[in-house]
Amino acid sequence: MAASKKSGNTIAKYLPVYFALLAIAVVEVFLAYQHFSTGSLLAILLALAFCGGTLALRYFMHLAQESRGLFLTLIPAAIFVLLIMNMIWSDSFRLLHMRPFGH
Amino acid sequence: MSESEAAMHEHGATMEGSPYAIPSRKLTVWLFIASDAATFGVFLFGYGYLRTASVDWPTPFKFSPSILNVLIMTFVLITSSLTMLGAVDSAKAGDQAKAGRFLWSTILLGVIFAGLHIREWFGLIDEGVRLFQNPWGSPLFGATFFSITGLHLLHVTGGVVAIAVIARGFARGRLTAGHVETVGIYWHFVDLVWMFVVPLVYLLNLSR
């Protein structure tokens with residue numbers, strides 16, 4: 001085994017992203033206490049969550065530094081699967097009016 | 001020489017090159033993450049479906065203790081991602097001692113997160129929330145809440161165990177910086193999922 005070497009401050013370069021993610025979490029809680037409709041709040045919170053997720057993917061998971069082929073294979077496929085799941089919404093709104101789980 | 005090139009060199013010319021020019025274990029963890037993202041997607045979409053279709057969905061989360069607890073949990077988990085980044089970079093730089101300290105810090109933060117999560121669960125259970133009933137409204141709230149947060153907690157627990165195994169193996173020289181990097185990608189994914197669980201499961205169900 002090779003002898004252990006000394007490294008410098010390894011986390012300093014990640015601090016801006018770290019603080020950005022913490023700020024997003026605080027802003028989300030702040031906005032949740034404002035008087036938005038449920039739909040608007042959902043859209044705002046999801047947009048912020050996607051921003052946080054993108055930062056984590058790019059800078060924490062280093063996906064931006066991997067080969068473009070890996071990015072193009074994973075991300076469009078994942079987005080496609082998540083978009084396909086949106087088919088359920090129209091049915092959930094229909095059920096809301098029929099009140100299947102209401103008491 | 002990169003890790004994938006080194007692996008090729010060891011196995012000779014009969015082996016095909018690693019896809020996307022990255023080590024196979026890293027590709028494997030990326031594929032696992034893509035499928036796991038779909039799993040969490042199903043859970044969150046299913047939760048959204050039931051919440052939308054229920055007229056009496058409970059909103060039990062008060063600022064104190066629930067939301068405050070969630071903010072602390074978020075801080076702990078994002079900080080653990082930072083220490084994991086330190087571990088990966090230190091391991092790649094060959095600083096074994098520092099990488100070990102960062103890895104064990106990550107484990108400690110993961111354990112703290114799990115403890116806070118379980119405390120949150122016990123708080124809700126004390127208030128009468130069960131898998132199929134609660135005092136406030138739709139009985140499906142408990143099923144979706146415990147399923148989603150439970151699946152995430154399972155990932156955190158599995159991650160803590162995996163990091164401990166990697167930390168031990170790396171300290172003994174049996175494992176490489178590539179192993180640390182791979183478990184790091186998984187750990188950041190656990191952090192990423194939490195960024196979606198908080199707004200959807202907690203912040204949309206605030207008690208006002």
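Predicted model: local features only at pLDDT ≥ 70, side-chain atom pairs only at ≥ 80, totals over all residues.
Trainee: What share of the residues of chain A count as buried?

Mentor: Of its 103 residues, 15% count as buried.

Trainee: How do I describe two packed helices, and at what angle do α1(A) and α2(A) cross?

Mentor: The description of two packed helices uses the angle between their axes and the distance between the axes. Here the axes of α1(A) and α2(A) come within 10 Å and cross at roughly 170 degrees. Angles over 145 degrees count as roughly antiparallel, so α1(A) and α2(A) are roughly antiparallel to each other. Among the residues that make the contact are A:V17, A:A20 and A:L21 of α1(A), and A:L41, A:I44 and A:L45 of α2(A). By class, this contact of α1(A) with α2(A) has 16 nonpolar, 1 polar and 1 charged residues.

Trainee: How many residues does each chain bring to the contact between chain A and chain B?

Mentor: In general, the size of an interface is often given as the accessible area lost when the parts come together. Here we count residues instead: 48 from chain A and 47 from chain B. On the side of chain A that touches chain B, α1 (15-32), α2 (38-60), α3 (68-84) and α4 (89-98) each supply at least two residues. The largest share of that side, 11 residues, comes from α2(A). Its residues divide into 32 nonpolar, 11 polar and 5 charged.

Trainee: How do I read a nonpolar core, and which residues touch the most other members of the largest one?

Mentor: In soluble globular proteins, nonpolar side chains tend to be buried together. The largest nonpolar core here has 66 residues, and B:A87, B:I163, B:V180 and B:V197 touch the most other members. Elements of both chains supply at least two residues each, including α1 and α2 of chain A and α5 (140-171) of chain B. The most, 18 residues, comes from α6(B). Leaving aside neighbours within four places in sequence, B:V197 is in contact with B:I148, B:T149 and B:H152.

Trainee: Is B:Y186 buried or exposed?

Mentor: B:Y186, found in helix α6 of chain B, has 20 other C-beta atoms within 10 Å and is therefore buried. Beyond its neighbours within four places in sequence, B:Y186 is in contact with B:V29, B:G159 and B:A162. B:Y186 and B:W30 are 156 residues apart along the chain, yet their C-alpha atoms are separated by 8.3 Å.

Trainee: Where does A:H62 lie?

Mentor: A:H62 lies in the loop between α2 and α3 of chain A. There are 15 C-beta neighbours inside 10 Å, so A:H62 counts as partly exposed.

How values were computed: Residues numbered from 1 in each chain as written. Chains lettered and ligands numbered in written order. Contact = placed C-beta atoms within 7 Å. Helix = DSSP H or I, 4+ residues; strand = E, 2+ residues; numbered from the N terminus. Nonpolar A, V, L, I, M, F, W, Y, C, P; charged D, E, K, R; others polar. Axes fitted to C-alpha atoms, helices over the stretch in contact; angles between N-to-C directions. Parallel < 35°, antiparallel > 145°, perpendicular 65-115°, else oblique. Core = buried A, V, L, I, M, F, W, Y, C linked by C-beta atoms within 7 Å. Buried ≥ 20, exposed ≤ 12 C-beta atoms within 10 Å, placed from the backbone.
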